[in-house]
Amino acid sequence: MHILYEVKDRIATLTLNRPEVANAQNMALLDELDAAWTRAAQDEDVKVVVLRAEGKHFSAGHDLKDRWPAPDEITLEWIYRAETRRYLEYTLRWRNLPKPSIAAVQGRCIAGGLMLCWPCDLIVAAQDALFSDPVVTMGIGGVEYHGHTWELGARKAKEILFTGRPLTAEEAEKVGMVNRVVPRDQLDTETRELAEQIARMPAFGLRQAKRAVNQTLDVQGFYAAVQSVFDVHQTGHGNALSVSGYPILAKLDEMKEKLR
């Protein structure tokens, strides 16, 4: 099992369980994770969801060694259809879950890793957490779920994308992307205490509060922007497909190997 699921004291804990590959996301992990989110949403005994990860790193992003069932000739149409489901629809569904959610992040959170923590309502980060989206290096303007501008502000989002450098936990807290920064050995405890505090609130009030904030962001353009930038992302794949050997995959594999 790539995802561990536990409910205790009205808190559902979803744990990424591929520490041997820095919790890189293969197809099975994403499908299991989506099923776990759905399970938590439907469980009337759950009031708060916590997303955490086993091992040194939260997530190294997409697992490029996991080749999805694909046609002999990969086309942009096929990529668009596959990524719409697992990278766009999944993340938006997690974001709109009608219950508060908290991500506990340690170590590296790279590219696709952002697509796991950004849909959560709150983020608690260990002091060693580093957040990055280096895919501009591969000729694509950012991961599929464009939370960058909303999470960081326009200029900081451009800096992180243009340079590919990681954002520290302290920087992320300063711009409002992270709620709390805690020592690594206190990450689970601090996250749990926050979840327990929230779980004591009325469930309907929590649902209304979350909807109010998310709806405000959507009125400001969040939903439309995420949909639009997803299409911008696909132009990167289109450009890569025009280059012999699809070099993006090799470049990403090289980057992931450095974490192992």
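Buried here means under 20% relative accessible area, exposed means over 50%, and partly exposed is in between, with a 1.4 Å probe and protein chains only. This is a predicted model, where local features need pLDDT of at least 70, side-chain atom pairs count only at pLDDT 80 or more, and totals for chains, interfaces and linings use all residues. Residues are numbered from 1 along each chain as its sequence is written, and side-chain values use heavy atoms, leaving out hydrogens and water.

Salt bridges, then. I count one when a side-chain nitrogen of Lys or Arg is within 4 Å of a carboxyl oxygen of Asp or Glu. The whole structure has 12. One of them joins D63 to R18, with the closest N and O atoms 3.0 Å apart. D63 sits in the loop between β3 and α2, and R18 in the loop between β2 and α1, so this pair ties together parts 45 residues apart in sequence. Helices (H or I, at least four residues) and strands (E, at least two) are DSSP runs, numbered from the N terminus. D63 is buried at 9% relative accessibility, and R18 is buried at 10%.

K210 and D121 also form a salt bridge, at 2.9 Å between the closest N and O atoms. K210 is in helix α8 and D121 in the loop between α3 and β6, so parts 89 residues apart in sequence are tied together. K210 is buried at 9%, while D121 is partly exposed at 30%.
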